[in-house]
Amino acid sequence: MVKQLVAAQNDFFATQKTKDVSFRKQYLKKLQQEIIDQEDAICDALYADFKKPKFESLATETQFALSELKHAIKNVESWSEPERVSASWSNFPSKEWIQPEPYGNVLIISPWNYPFMLAISPLIGALAAGNTAILKPSEFSTHTSKILARIIRKVFPPEYVTVVEGGVEVSQQLLAEKWEYIFFTGSTKVGKIVYKSAAKHLTPVTLELSGKNPCIVDDTASIKLAAKRIAWGKFINAGQTCIAPDYILVHKNVKDGLVKHLKQHITDFYGENMETSRDFARIATDKHYEELKAMLQGQPVLFGGTFTDKDRYIAPTLVDEPELDSTIMQGEIFGPILPIISYTEESELDTYISKYPKSLAFYVFSENKTFQKRLMNSYSFGGGAINDTVVHISNKDLPFGGVGASGIGGYHGKHTFGLFSHHKSVAKRGTWLDVPLRYAPYSISMDLVKKIKHLF
Ligand code: NAD
């Protein structure tokens, strides 16, 4: 089935229909309408998958996708225009430009943590750029996967866009095919498998991966507000956010204050009995739930630390000074558990930050501009924020993605269109003049060649 689908999409792309910008726009609008019509059903699916609170489903999934769609519909014509560049004088007479063109048939593989938004957002850019697409959502967010399949089936003919549901085997079947572009969001471990498959055909990729994101709080930070913004960024989606702060490095002079305010804000957000809060999600998979529980074993818990197997609940939890070689400090936590580690001298920070590969996100809370700047310049990371967490994702002009082990490529807004386009360079020469200098037999002096520099 996969082979036939890929062949059908390749045939459809070859008809050149997707090169027509009005065709793309028409389908983006249809997709927009269908998401609007199905918004409640999408939120219900997200709730069924991991009790995602409706506010979070609207804010971080459907409305996020709709905002990307609106932006793409508004701009797809201008994005698709060739971009004139100044012609090289050595080409005189000439006009020169960069012409975006679609790659062809693209594969998008998405994870379970923001299962709607992380499937639809790249798709929007892929279609705006004029590609055909096959989308493979995560097998762990089954309800969302089903509604994604239903929406796509209703809006698009399968030779243009199709959802292929299933797990690892299906993903492997898809990866065995030849694609013109692969966009993958998920773990670094699977990202390497995807990259290897893509290499067989020299297929370009975007890899949106994971990392262990540090959050540094110095002794000049506005502690109460820092605690509020950290608690929000960490516990939204029950900590299953790739850019959530993973661990806190706090100056020892302000640690007690930070912990006090974190506890207070968590209680303000989710109440005294956090398990009954309608605003706190559950862990999406059994495997991940068990891993998180295991991470907590033997850890000194400052707050939370409780769990309920029946619906994979883990309380917002603060862990005090974990050992660096404990499981919790080995890799990405990806759940509502926040280790808090104190430091005395700035020089100690590097012991922690440089222990891990380049992170996807990086946060600094400080009123000291020199300190902010030094940290932002010293470390390489995908993206980040000063005096807040997660918010850099909300600006479409900021490319969202990782670096090194946390990923390749950045998207959102026009950047997604750019990722899914090949930027073709074209020079259109005039024929009324043909400067003879470049042709053999070479008759100009070597000194003149050096002086002219750009002979062609
Ligand atoms: P995952 O890597 O396990 O799975 C992602 C996708 O890959 C799924 O569709 C899955 O079916 C497929 N897959 C899994 N194993 C495969 C294999 N062996 N071969 C081929 N395909 C395979 O990731 P996940 O558990 O679904 O998502 C959580 C991870 O994703 C976290 O590490 C998180 O940080 C990361 N993430 C990154 C971003 C980002 O934008 N950078 C966003 C969300 C999540």
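This is a predicted model: local features need pLDDT of at least 70, side-chain atom pairs count only at pLDDT 80 or more; totals for chains, interfaces and linings use all residues.

Colleague: What separates a polar side-chain atom of Glu 332 from an oxygen atom of the ligand, in Å?

Modeller: For Glu 139, a polar side-chain atom and a ligand oxygen are 2.6 Å apart. In the side chain of Ser 210, an N or O atom is 3.5 Å from an oxygen of the ligand. For Glu 332, the distance from a polar side-chain atom to a ligand oxygen is 2.5 Å.

Colleague: Let's move to the helices. How are H3 and H6 oriented to each other?

Modeller: Two packed helices are described by the angle between their axes and the distance between the axes. Helix H3 (residues 39–50) and helix H6 (residues 142–155) have axes 7 Å apart, and they pack at about 155°. Angles over 145 degrees count as roughly antiparallel, so H3 and H6 are roughly antiparallel.

Colleague: How many nonpolar residues are in the contact of H3 with H6?

Modeller: H3 brings Ala 41, Ile 42, Ala 45, Leu 46, Ala 48 and Asp 49 to the contact, while H6 brings Thr 142, His 143, Thr 144, Ile 147, Arg 150 and Ile 151. By class, three residues of this contact are polar and two are charged. The number of nonpolar residues is seven.

Colleague: H6 also meets H2. How are H2 and H6 oriented to each other?

Modeller: The axes of helix H2 (residues 21–37) and H6 come within 10 Å and cross at roughly 135°. H2 passes H6 in a right-handed crossing. With that angle, H2 and H6 are therefore oblique.

Colleague: Which residues of H6 make the contact with H2?

Modeller: On the H2 side, the contact is made by Tyr 27, Lys 30, Leu 31 and Glu 34. By class, the contact of H2 with H6 has five nonpolar, no polar and three charged residues. The residues on the H6 side are Ile 151, Ile 152, Lys 154 and Val 155.

Colleague: How many nonpolar residues are in the contact of H9 with H10?

Modeller: Helix H9 (residues 223–235) and helix H10 (residues 255–270) have axes that come within 8 Å and cross at roughly 50°. The contact includes Ile 223 and Trp 232 of H9, and Leu 258 and Phe 269 of H10. Among its residues, three are polar and two are charged. The nonpolar ones number 12.

Colleague: One last thing, about the backbone. Which residue has a positive phi although it is not a glycine?

Modeller: Look in the loop between strand S13 (317–320) and strand S14 (337–343), where Phe 334 is placed. The phi there is about 60°. The residue with this positive phi is Phe 334.

Conventions. Residues are numbered from 1 along each chain as its sequence is written. Side-chain values use heavy atoms; hydrogens and water are left out. Axes are lines fitted to C-alpha atoms, for helices over the stretch in contact, and angles run from 0 to 180 degrees between N-to-C directions. Helices (H or I, at least four residues) and strands (E, at least two) are DSSP runs, numbered from the N terminus. Contact means heavy atoms within 4.5 Å. Ala, Val, Leu, Ile, Met, Phe, Trp, Tyr, Cys and Pro count as nonpolar, Asp, Glu, Lys and Arg as charged, and the others, Gly among them, as polar. A polar contact is a pair of N or O atoms within 3.5 Å; within protein, one must be able to donate a hydrogen and the other to accept it, and residues adjacent in sequence count only if both atoms are side-chain atoms. Angles under 35 degrees count as roughly parallel, over 145 as roughly antiparallel, 65 to 115 as roughly perpendicular and the rest as oblique. A crossing is left-handed if the near helix is turned anticlockwise from the far one by less than a right angle, and right-handed if clockwise.
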